[in-house]
Amino acid sequence: VQLQASGGGLVQAGGSLRLSCAASGRTFSSYAMGWFRQAPGKEREFVAAISGSGGSTYYADSVKGRFTISRDNAKNTVYLQMNSLKPEDTAVYYCTADKTIATMTAGFGSWGQGTQITVSS
């Protein structure tokens, strides 16, 4: 599966952004989807994941209650709604896809190009 992320940008602390990740292929609903991020000088870290049906979601503790992952299988797209953004959310955000949540969150899936999010204080 090929992935194309969009929606990054510059936002003030407390603001909101929505990322989108469009996937190619006709079997999108069979893939678990997720978002990771990588801040300068830091390792890539898990942000959020969603099952193929959309019925299960998972979040890193650092974003729980502020970020929401969702998907539209008819549009082959996964979203990350980010609210109450903080300067520490500044990073390049990557979408990823794999057949299972476990392998996807372990980083074994397909990756899209990153999109930069910068949160100013």
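1. Strands E3 and E8 pair up antiparallel through 6 bridges; strands here are DSSP runs of at least two residues, numbered from the N terminus, and two of them pair if DSSP finds at least two bridges between them. Arg18 has Gln81 of E8 as its bridge partner.

2. Before you go on: this is a predicted model, where local features need pLDDT of at least 70, side-chain atom pairs need pLDDT 80 or more, and totals for chains, interfaces and linings use all residues. Residues count from 1 along each chain as its sequence is written, and side-chain values use heavy atoms, with hydrogens and water left out.

3. E3 also runs antiparallel to E1, with 4 bridges joining them. Gln4 sits opposite Ala22 of E3. Because 5 of the 7 residues of E3 are buried, the rest of the structure largely encloses this strand. Buried means under 20% relative accessible area (1.4 Å probe, protein chains only).

4. Now for the largest nonpolar core, which has 29 residues. Such a core is a set of buried Ala, Val, Leu, Ile, Met, Phe, Trp, Tyr and Cys residues joined through side-chain atoms within 4.5 Å. Strands giving two or more residues to this core include E3 (17-23) and E8 (77-82).

5. Have a look at Arg71 in strand E7. Arg71 is buried but has no salt bridge (a side-chain nitrogen of Lys or Arg within 4 Å of a carboxyl oxygen of Asp or Glu). What does its side chain have 2.9 Å from a polar atom? The backbone oxygen of Phe28.

Notes: Buried means under 20% relative accessible area, exposed over 50%, partly exposed in between (1.4 Å probe, protein chains only). Lys and Arg count as positive and Asp and Glu as negative; His and the chain ends are not counted. A polar contact is a pair of N or O atoms within 3.5 Å; within protein, one must be able to donate a hydrogen and the other to accept it, and residues adjacent in sequence count only if both atoms are side-chain atoms.
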